[in-house]
Amino acid sequence: MRIKGTTRTRLLAGALAACVLPWALPAQAEEVTLLVAGRIHTMDAARPRAQAMAFDSGGRILALGTRAAMQAQFPDAVLLDVGPATVVPGLIDAHGHVAGLGLNAMRVDLAGTASKEEALQRLRDFAADLPPGTWLLGRGWDQNRWAVKQFPTAGDLDAHFPDRPVWLRRVDGHAGWANSAAMARVERDLTGAWEPDGGKVERDAGGAPTGVFIDEAMSLVDVHVPELEDGVASRALALGMQAAVAHGLTGVHDAGVSLATLAHYQRLADRGEMPLRVHAMADGDGAALDRLCSDGLYQHPGGHLQMRAVKLFADGALGSRGAALLTDYSDEAGNRGLLLATNEQLDKATAKARRCGVQVATHAIGDRGNRVVLDAYARALGKDAGSDHRWRVEHAQVLAPADLPRLAQMGVIASMQPTHATSDMDWAGERLGPQRIEHAYAWRELRDSGTRLALGSDFPVESVDPRLGLYSATTRADAAGLPAGGWQPEEKLTAFEALRGFTLDAAFAGFNEDEVGSLEVGKRADFVVLAQDPLEVEPRQLRDLKVLGTYVDGDAVYIGAVD
Ligand SMILES: [Zn+2]
């Protein structure tokens, strides 16, 4: 169950009406709420554990302590008794893409369909909620899994969708299936034998296109898929945020936000419809960064939205051999990957950010990509490398041994995604070879060198679920627990360290540690109620933690179904 809304009273009333909760909820909002739990892990070194926490109606923490002491201090408080459950600070994903996550939820998922009929049924079900005329977009079909292993046709879709354009990507992303309404948008006459470079238009015996477009031919249709309308973009953000809070997230660092997306966020924030806090990063050296320079760092008065960082790119990704390496890929001689920015471009952007007081967060995956970024940071920061700049490297997956200590030396934060390691571990060694792999996904080495780790998922590339991140960080194993003992187990984190990466250190990486990241007097009552204690269970059980509730500013933004 998910609860949307703004006021405390409404949220609580909604929660009561909609499901039976395992704890008593107050009938109406009062001045002080007293949360009582089996245990509260605060992530505050001065008081790591408590049994009870009082917060005011504005969501500020007033006090923590034992149940008896808190009840004596706040005898009139409304009781929020979560029974034996464990409370931890709200989890923060330090690198995700909220709109991308929401858009996935707005597109039909055809993966796993066993027949064309099943795919068509899913499309009909999904389209029932779509406004007329809007494109029906989807992905995941695979005719090799269907009873009749032939490419589908536009006619299959036209029977159900005569007017609305339909455009569906194949499971591998290398083919698209269109209906006639979508093909009608293509300006070129597709009958005959013409083929685009690097692509193929499927045709019948008479030379007429059948509706399937392969590789480069997909762009014939792709270019006509409209930009997101305002309503769709806002809905994508709302859906993305909803999915995040349902997994215990109370904050997200959105890695690459345009001015248009910021405006959508601002409208949601104005209406009180941001269920969690977003640290938005401007999307490169463009209009959003210019705005930060001209108008100053952005902070919404409600405390749920800020933009004070810029996201840059140094290189590509390892899977497609786009990550920039210092020497050749071990599985492809002569290929050292791709740098996506010149030193001049990085220098210009980082100098501008430095001048404007903007935090820099740069995507770097290969050892060359990481070196290029660290060198650029060193040039931009100069003598100020020791200042409180909190510049970050996003991913920091492969580091040359000589570069590894430089992050700590320059105060650079490593923003890393534990699930990337467990997704890549089966093939990363082939790309990198036995030496370089030693310093890949090197959470332990980095942490021990004094680098602060801000953890995240890079959703929707990986799941938004931070439990999977906690699990990967502590086991370095896949869902089945393989390899036994974990992959490069010396790089594992403890559950406490992983939790810290998803709470206090992620908060620090967003300049929010005075407000959130730990449960301390004066901070925001952002917390998660878990059925199990993540610091007590076996690491392999972390992926099965049950999220009973997610609270932001003391308000329930998600209440888990009770089974
Ligand atoms: Zn990303």
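Me: How do strand 7 and strand 8 run relative to each other, parallel or antiparallel, and how many bridges join them?

Reply: Strands of a sheet pair through backbone hydrogen bonds, in either a parallel or an antiparallel sense. In this predicted model, strand 7 and strand 8 (residues 136-141) run parallel and are joined by 2 bridges. Within that pairing, valine 108 has glycine 138 of strand 8 as its bridge partner.

Me: What is the order of the strands in the open sheet, and which strands stand at its edges?

Reply: The sheet is open, has 6 strands in the order 7-8-9-10-12-11, and shows mixed pairing. Strand 7 (108-109) and strand 11 (199-203) are at the edges; each has a single partner strand, so one side of each is left without a neighbour in the sheet.

Me: In which sense do strand 13 and strand 14 pair, parallel or antiparallel?

Reply: Strand 13 (residues 249-257) pairs with strand 14 in the parallel sense, over 6 bridges. Histidine 253 has histidine 279, in strand 14, as its bridge partner.

Me: How many of the 7 residues of strand 14 are buried?

Reply: A residue counts as buried under 20% relative accessible area. In strand 14 (residues 277-283), 6 of the 7 residues are buried, so this strand is largely enclosed by the rest of the structure.

Me: How should I read the packing of helix 8 and helix 9, and at what angle do their axes cross?

Reply: Angles of 65 to 115 degrees count as roughly perpendicular. The axes of helix 8 (residues 230-245) and helix 9 (residues 259-270) cross at roughly 65° and come within 10 Å. Helix 8 is therefore roughly perpendicular to helix 9. The crossing of helix 8 past helix 9 is right-handed.

Me: Which residues are the protein donors of the zinc ion?

Reply: His95 and His97, each through NE2, and Asp458, through OD, are the protein donors, at 2.1 to 2.2 Å from the zinc ion. Along the sequence these donors follow the spacing H-x1-H-x360-D. Histidine 97 is in the loop between strand 6 (91-96) and helix 3 (98-106), and aspartate 458 is in the loop between strand 20 (453-455) and helix 17 (466-475), so the pair ties together parts that are 361 residues apart in sequence.

Me: Are histidine 97 and aspartate 458 buried or partly exposed?

Reply: Histidine 97 is partly exposed, at 22% relative accessibility. Aspartate 458, at 8% relative accessibility, is buried.

Me: Which cysteines does the disulfide join?

Reply: The structure holds 1 disulfide. Cysteine 293 is joined to cysteine 356, with an S to S distance of 2.0 Å. Cysteine 293 lies in helix 10 (residues 287-295) and cysteine 356 in helix 11 (residues 343-356); the pair, 63 residues apart, links distant parts of the chain. The link of cysteine 293 and cysteine 356 is right-handed, with 105° about the S-S bond. Cysteine 293 itself is partly exposed, at 28% relative accessibility.

Me: Which residues are joined by cis peptide bonds?

Reply: Most peptide bonds are trans, and most residues other than glycine have a negative phi. Phenylalanine 459 and proline 460 are joined by a cis peptide bond with omega about 5°. Proline 460 is in the loop between strand 20 and helix 17. Another cis peptide bond joins leucine 482 to proline 483, where omega is about -5°. Proline 483 is in the loop between helix 17 and helix 18 (495-501).

Me: What is the phi of methionine 43, and what is that of aspartate 215?

Reply: Methionine 43, a residue other than glycine, has a positive phi near 60°. Methionine 43 lies in the loop between strand 1 (32-41) and strand 2 (49-56), and is buried at 8% relative accessibility. Aspartate 215, also not a glycine, has a positive phi of about 45°. Aspartate 215 belongs to strand 12 (residues 209-215) and is partly exposed, with a relative accessible area of 32%.

Me: How many residues apart in sequence are methionine 183 and histidine 224, and what is their separation in space?

Reply: Methionine 183 and histidine 224 are 41 residues apart in sequence, and their C-alpha atoms are 9.5 Å apart in space. Methionine 183 is in helix 6 (residues 180-183) and is buried, with a relative accessible area of 13%.

Technical notes
Residues numbered from 1 in each chain as written. Predicted model: local features only at pLDDT ≥ 70, side-chain atom pairs only at ≥ 80, totals over all residues. Heavy atoms only, no water. Donors = N, O, S within 2.8 Å, 3.2 Å for Na, K, Ca; no water. Helix = DSSP H or I, 4+ residues; strand = E, 2+ residues; numbered from the N terminus. Buried < 20%, exposed > 50% of the residue type's maximum accessible area, 1.4 Å probe, protein only. Disulfide = S-S within 2.5 Å. Pairing = 2+ DSSP bridges. Axes fitted to C-alpha atoms, helices over the stretch in contact; angles between N-to-C directions. Parallel < 35°, antiparallel > 145°, perpendicular 65-115°, else oblique. Left-handed = near helix turned anticlockwise from the far one by under 90°.
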